[in-house]
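Reader: Please put the sequence and the model up, and then take some questions on side chains and rings.

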Amino acid sequence: MARPHFRFEDLEVWQDACDLAVACHLIADDLGDRKWFRYAEQLRSAGLSPSNNIAEGSASHHDKEFVQFLNIARRSAAELASMALSFERMEILSEDSTSNILEMADKVGRKLTALIRHLNR
């Protein structure tokens, strides 16, 4: 039996946001030390936020409502970038891990901006 297919699965930005979530999850796994557990959980949660908001918004009946969720996803990507930079300053994340998150969050943010502009035409 074939599984259901959702509209958001076809969106390149959702796929990129999922890649970002996976990267955050893997980085959080490397923080395994109990001392960093809380930060690891925050990173996992924030990493999922952009893709989840894209998915939730894609179920909207109107583009205007979808755009609201895309804006939330874009803000979530910025929040994730801020977390990564803060965690790097606290020496929780390495420079390489931070750079990886920043590059991926920036890519997702730019694609979200482009999709928002397209839908607002």
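Reader: Does Glu-91 count as buried or exposed, and at what relative accessibility?

Author: The model is predicted: local features need pLDDT of at least 70, side-chain atom pairs count only at pLDDT 80 or more, and totals for chains, interfaces and linings use all residues. Residues are numbered from 1 along each chain as its sequence is written, and side-chain values use heavy atoms, with hydrogens and water left out. Buried means under 20% relative accessible area, exposed over 50% and partly exposed in between (1.4 Å probe, protein chains only). Glu-91 therefore counts as exposed, at 68%.

Reader: In which loop does Glu-91 lie?

Author: Helices are DSSP runs of H or I with at least four residues, numbered from the N terminus. Glu-91 has a positive phi, near 65°, and is not a glycine. Its place is the loop between helix H3 (63–89) and helix H4 (95–119).

Reader: How are the planes of Tyr-39 and Phe-87 set, stacked or edge-to-face?

Author: Rings of Phe, Tyr and Trp (its six-membered ring) pair if their centres lie within 6.5 Å; planes under 30 degrees apart count as stacked, over 60 as edge-to-face and the rest as tilted. Tyr-39 is partly exposed at 24%, while Phe-87 is buried at 4%. Their ring centres are 5.2 Å apart and the planes stand at 75°, so the pair is edge-to-face.

Reader: How many residues apart are Tyr-39 and Phe-87?

Author: The pair links distant parts of the chain. Tyr-39 is in helix H2 (residues 37–58) and Phe-87 in helix H3, 48 residues apart.

Methods. Helices (H or I, at least four residues) and strands (E, at least two) are DSSP runs, numbered from the N terminus.
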